[in-house]
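Subject: Handover of a structure

Dear colleague,

Please find below the structure that I am handing over to you. A summary of the findings follows it.

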Amino acid sequence: MTQAGLEAGVADHYTTSTLLERIADGLAKAGKDLHSATAEDLKPVDEFHIGGLVATQALLDQVELSATSRVIDLGSGIGGTARHIAQRSGAKVTGIDLTSEFVEVAQKLSDLVGVNTIFKTGSVLDIPEPDDEFDLATLIHVGMNIADKDKLFAEAARVLKPGGSFAVYDVMQTADEPISFPVPWATTPDQSHLDRPQVYRDAAAGAGFSLVAERDRSDFARDFFAKLTARIAESGPPPLGLPLIFGAQAGEKMANMLENVDAKRIAPVEMIFALG
Ligand SMILES: C[S@@+](CC[C@H](N)C(=O)[O-])C[C@H]1O[C@@H](n2cnc3c(N)ncnc32)[C@H](O)[C@@H]1O
């Protein structure tokens, strides 16, 4: 399949057309109003990856970030990570995402909660930004949709300044046996492009990055899912949570991801790279 065909399939997988309404509805059920919500109020739904804000923070703790940093979040979803980075550090943050509904919702949410971030529709394989622009790039649960890891790392290297950091937190393949579908990033196998950690390391090295740190987050993920399942068993699904963003088959996607992690077919892995 062509890159354009692949990307159209990915955007189609994530698009629901009613996301902002469902977030407003979830907030209302939680006793909050979309128009007076804070960035914190959005946290249960706007970090679309295993471990949510805790995982984002754990990744960011490993990189330098200051008010003068220029940051790009590759595959920014509805913008939770970008807003968190901007709020935490005062850095100027740009998010790039393929799914235009996510980009529109991300911008709208940032405007509503008063956080200064910029979101653009585009592919991380052809980033709509100049060379040598950013101090830090982040990529959180995005590579599973990207077949061409060499191009992904080459584009990240192009937009980073020399010495810049690339913080990756992706679900990676850890066994040969096939995974169960649907999962949050793919309804069908043709939309899923899981790779082994070594593929990431090789692609990064080929683009001029050196590996600074790497950590398998499977234990953290299992603990996160166990606590989530216990909370749901006790008090039911929360009004505002990631299933809102999963779209159709939300329950199956979540259950399959859990099963795939438990069976050690996949693992969430952090990798921190430095350019040069
Ligand atoms: C599981 S979501 C994670 C979103 C966000 N990083 C987060 O953690 O909240 C995956 C995101 O990657 C985006 N994506 C997938 N392939 C992409 C590509 N080639 N270029 C830009 N965004 C892409 C999807 O549109 C989706 O928003």
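In what follows, two residues are in contact if their C-beta atoms, placed from the backbone, lie within 7 Å. Helices (H or I, at least four residues) and strands (E, at least two) are DSSP runs, numbered from the N terminus.

Please note that this is a predicted model, in which local features need pLDDT of at least 70 and side-chain atom pairs count only at pLDDT 80 or more, while totals for chains, interfaces and linings use all residues. Residues are numbered from 1 along each chain as its sequence is written.

The sheet

The model has an open sheet of 7 strands with mixed pairing, in the order β3-β2-β1-β4-β5-β7-β6. Two strands pair if DSSP finds at least two bridges between them. The edge strands, each pairing on one side only, are β3 (117-121) and β6 (209-216). From one strand to the next, the twist averages 15 degrees; angles run from 0 to 180 degrees between N-to-C directions, and axes are lines fitted to C-alpha atoms, for helices over the stretch in contact. Strands β4 (residues 134-140) and β5 (residues 160-173) run parallel and are joined by 6 bridges. Opposite leucine 160 in β5 stands phenylalanine 134. Helix α8 lies across β5, β6 and β7 (266-275), and runs at about 160 degrees to β6.

Helix pairs

Helix α8 (residues 197-206) also meets helix α7 (residues 149-159): their axes come within 8 Å and cross at roughly 45 degrees. Angles under 35 degrees count as roughly parallel, over 145 as roughly antiparallel, 65 to 115 as roughly perpendicular and the rest as oblique. The helices α7 and α8 are therefore oblique to each other. The crossing of α7 past α8 is right-handed; a crossing has this hand if the near helix is turned clockwise from the far one by less than a right angle, and is left-handed if anticlockwise. On the α7 side the contact involves Lys149, Asp150, Leu152 and Phe153, which meet Val199, Tyr200, Ala203, Ala204 and Gly206 in α8. The contact of α7 with α8 comprises 6 nonpolar, 1 polar and 2 charged residues. Here Ala, Val, Leu, Ile, Met, Phe, Trp, Tyr, Cys and Pro count as nonpolar, Asp, Glu, Lys and Arg as charged, and the others, Gly among them, as polar.

A second pair consists of helix α9 (residues 218-235) and helix α11 (residues 250-262), which pack at an angle of about 140 degrees with their axes 10 Å apart. These two helices, α9 and α11, are therefore oblique to each other. Their crossing is left-handed. Ser218, Ala221, Arg222 and Phe225 of α9 make the contact with Leu258, Val261 and Asp262 of α11. By class, 4 nonpolar, 1 polar and 2 charged residues take part in the contact of α9 with α11.

The ligand

Around the ligand there are 26 residues, of which the closest are Phe48, Gly75, Gly77, Leu98 and Thr99. A residue is near a molecule or strand if its C-beta atom, placed from the backbone, lies within 6 Å of it. Two or more residues of this shell come from each of α1 (3-14), α5 (80-89) and β2 (92-97). Helix α1 gives the largest share, 3 residues. By class, the shell divides into 13 nonpolar, 10 polar and 3 charged residues.

Backbone details

Phenylalanine 181 and proline 182 are joined by a cis peptide bond, with omega about 0 degrees. Proline 182 is in the loop between β5 and α8. Serine 17, in the loop between α1 and α2 (19-29), has a phi near 75 degrees, a positive value in a residue other than glycine.

With kind regards
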